[in-house]
Amino acid sequence: SDMREFEAPSRTLGDLSADMAGKLIAAAADVALGIDDKGVIRDLAFGSEDLLREGYYDWLGKPWADTVTIESRPKVEALLRDSRANVAPRWRHINHPSIDGADLPLSYSAIALPQVGGRGKAGVRSVVFGRDLRANAALQQRLISAQQAMERDYWRLRHMETRYRSLFQVAAEAVLIIDPVTGKLEEANPAALALF
């Protein structure tokens, strides 16, 4: 695993109150969800005002799987299943449908809470941390657009070079291409070669 945990959490975080833990979770994630044993969102916090403005507070009281796109539902179930089996947390890309029609991409990781007397506080069994991937997605799209523009330019230049070479070969006038630095002859067309 590529995770690195605190070496002495009881010494470092031992006096952490629930209120302070909540603030730390909200600060560490763009969105944090408290999920019960049926997969329902029982509490949530946003470290990103942008997400809060988008109206995602409406997720409260809904099954987490119902807030995501259809293809992301198996990932939600796998995250919750793995967290309850105490599998090392891993991040999964999950999409939520958005009001504007574009998917909201988030990367999520889930951690099971210790169950006191068989139940967690307020019925919450897992805390799920989400990171907003929209900035990454926009950056990837810009990179793809730049690569496509470079490919178009490359093929345009190749096409121009092909036309230039055709003209170079059939021109009736003698044409010589000399390297300006070395003064050496680089190329001569058939008309020039016929003269020498």
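**View 1. E161 and R165 in helix α5 of the predicted model.** E161 and R165 both belong to helix α5 and stand four residues apart, which is about one turn of the helix. An α-helix has 3.6 residues a turn, so residues three or four places apart point the same way. The side chains of E161 and R165 meet in a salt bridge, with an N to O distance of 3.8 Å. E161 is partly exposed because its relative accessibility, 36%, falls between 20% and 50%. R165 is also partly exposed, at 34%.

**View 2. The salt bridge between R165 and E187.** In this pair the closest N and O atoms are 2.8 Å apart. E187 is partly exposed, with a relative accessibility of 26%. Together, E161, R165 and E187 are linked in a network of salt bridges.

**View 3. The salt bridge between D153 and R156.** The side chains of these two residues meet at 2.3 Å, N to O. D153 and R156 are three residues apart in helix α5 (residues 134-170), and therefore about one helical turn separates them. D153 is partly exposed, with a relative accessible area of 37%. The structure holds five salt bridges.

**View 4. T67 in the loop between α3 and α4.** The loop that holds T67 runs between α3 (49-53) and α4 (73-84). Is T67 buried or exposed? T67 is buried, because its relative accessible area of 6% is under 20%. A polar atom of the T67 side chain lies 2.7 Å from the backbone oxygen of W64. Leaving aside residues up to four places away in sequence, T67 touches I41, W59, K62, H96 and P97.

**View 5. Helix α4 and what covers its buried residues.** α4 has 12 residues and reaches 17 Å from its first C-alpha to its last, close to the 16 Å expected at 1.5 Å a residue. Its buried residues are V76, A78, L79, L80 and S83. The cover over these residues includes the strands β1 (31-36), β3 (92-96), β4 (104-112) and β5 (124-132). Just after α4, N86 takes a positive phi of about 55°.

**View 6. A nonpolar patch on the surface.** The patch is formed by L176, I178, L185, L195 and F196, which together have about 580 Å² of accessible area. One of these residues, I178, lies in strand β6 (residues 176-178). I178 counts as partly exposed, at 45% relative accessibility.

Definitions and conventions: Residues are numbered from 1 along each chain as its sequence is written. This is a predicted model: local features need pLDDT of at least 70, side-chain atom pairs count only at pLDDT 80 or more; totals for chains, interfaces and linings use all residues. Side-chain values use heavy atoms; hydrogens and water are left out. Helices (H or I, at least four residues) and strands (E, at least two) are DSSP runs, numbered from the N terminus. Buried means under 20% relative accessible area, exposed over 50%, partly exposed in between (1.4 Å probe, protein chains only). A polar contact is a pair of N or O atoms within 3.5 Å; within protein, one must be able to donate a hydrogen and the other to accept it, and residues adjacent in sequence count only if both atoms are side-chain atoms. Contact means heavy atoms within 4.5 Å. The expected span of a helix is 1.5 Å times one less than its number of residues. Patches are made of residues with over 30% relative accessible area and no salt bridge: like charges are joined within 9 Å, nonpolar side chains (Val, Leu, Ile, Met, Phe, Trp, Tyr) within 5 Å. Accessible areas come from the Shrake-Rupley method with a 1.4 Å probe; for residues, only the protein chains shown count as cover. A salt bridge is a side-chain nitrogen of Lys or Arg within 4 Å of a carboxyl oxygen of Asp or Glu.
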